[in-house]
Amino acid sequence: MQPIIAIEDLNKTYNSGFHALKDVNLEISRGETFALLGPNGAGKTTLIGVICGLVKPSSGRVWADGHDIVRDFRAARSRIGLVPQELTTDSFETVWDTVSFSRGLFGKPPNPAHIEKVLRDLSLWDKRKSRMIELSGGMKRRVLIAKALSHEPSILFLDEPTAGVDVDLRREMWNMVRGLSDSGVTIILTTHYIEEAEEMADRVGVINHGEIILIEDKNTLMAKMGKRQLTLHLQTPLRQLPPELEAASLELIAGGHELVYTFDAQHEQTGIADLLRQLASHQIEFKDLHSSQSSLEDIFVNLVRPRS
């Protein structure tokens with residue numbers, strides 16, 4: 001199946017000489033939710049700007065739903081909905097007029113039934129007659145999503161969609177995005193909340209210094225790069241590890257009350273059985289133990305950490 005977004009050898013250099021994007025190649029499948037992660041200044045916003053036709057590329061090509069974003073701009077842009085970070089709306093317009101006007105900007109004929117459906121899906125129907133100035137920040141962000149969906153795009157970009165909203169509203173919006181994905185809309189998400197990507201994404205791309213440094217299925221990424229840790233709560237605290245155990249992947253924490261063993265769960269031999277035998281031979285007893293998996297945030301931090 002043809003990807004809904006295809007990026008080939010994309011570069012962007014600004015007049016200042018700053019090389020914001022460097023030979024970016026990326027394909028995004030129809031209907032998937034793709035999370036684009038990266039530190040501030042990594043190139044996320046520039047990449048979104050190029051795909052949406054807001055930033056002119058220096059070289060390379062981008063297709064949106066089969067349309068070249070430069071040569072066939074209007075057709076490509078009509079396939080895309082963009083929810084920006086900034087809350088930019090006319091303060092004195094009603095919610096209904098704001099969303100309806102956005103549809104008209106794309107040359108679409110009026111369709112009150114579609115606007116009603118979008119507003120209902122986003123829990124905005126009761127606010128349709130409210131002026132934008134009367135809405136909370138969370139409701140205004142919902143209106144931005146409604147505007148982006150007003151012209152029935154097949155691709156939706158969410159640039160930091162839950163920035164500045166509380167935890168409960170963030171989870172509500174996650175559920176809303178899942179509903180959009182289930183309806184067939186392709187979602188491209190940038191976020192500083194790593195748990196957001198972990199919760200919603202099918203695949204993860206990491207960009208740093210303008211380069212895509214990794215693209216991977218989320219679960220595969222966590223299986224390949226995620227480490228597991230076994231934490232043993234000791235019966236008697238230790239001041240230091242016995243010399244025979246210092247070479248193992250062990251760390252004393254919590255004032256010597258806990259012993260943490262890090263291992264690769266993908267290996268057949270985790271070393272846990274051998275570790276427990278060694279602890280028993282040194283008469284180190286524990287009263288409880290539990291294991292944990294590295295999070296996507298741990299993996300991300302390791303990927304973008306400057307190498308010494």
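## Helix α6

In α6, a DSSP run of type H or I with at least four residues, the buried residues (under 20% relative accessible area, 1.4 Å probe, protein chains only) are L169, R170, M173, W174, M176, V177, L180 and S181. Down the helix axis they fall within an arc of 165 degrees, so they line one face. That arc is taken over the directions from the axis to the C-beta atoms. D168 and D182, on the other side, are exposed, meaning over 50%.

This is a predicted model: local features need pLDDT of at least 70, side-chain atom pairs count only at pLDDT 80 or more, and totals for chains, interfaces and linings use all residues. Residues are numbered from 1 along each chain as its sequence is written, and side-chain values use heavy atoms, without hydrogens and water.

α6 covers residues 167-182 and has 16 residues. G184 follows the helix, with a positive phi near 105 degrees.

## Salt bridges

The whole structure holds ten salt bridges, each a side-chain nitrogen of Lys or Arg within 4 Å of a carboxyl oxygen of Asp or Glu. D65 pairs with R30, with the closest N and O atoms 2.8 Å apart. These partners are 35 residues apart. D65 also pairs with R79, at 3.7 Å. R79 and D65 sit in separate loops, so the pair ties together parts 14 residues apart in sequence.

Shared partners join R30, D65 and R79 into one network. D65 is buried at 18%. R30 is partly exposed at 40%, and R79 is partly exposed at 27%; partly exposed lies between the buried and exposed cut-offs.

Technical notes: Helices (H or I, at least four residues) and strands (E, at least two) are DSSP runs, numbered from the N terminus. The expected span of a helix is 1.5 Å times one less than its number of residues.
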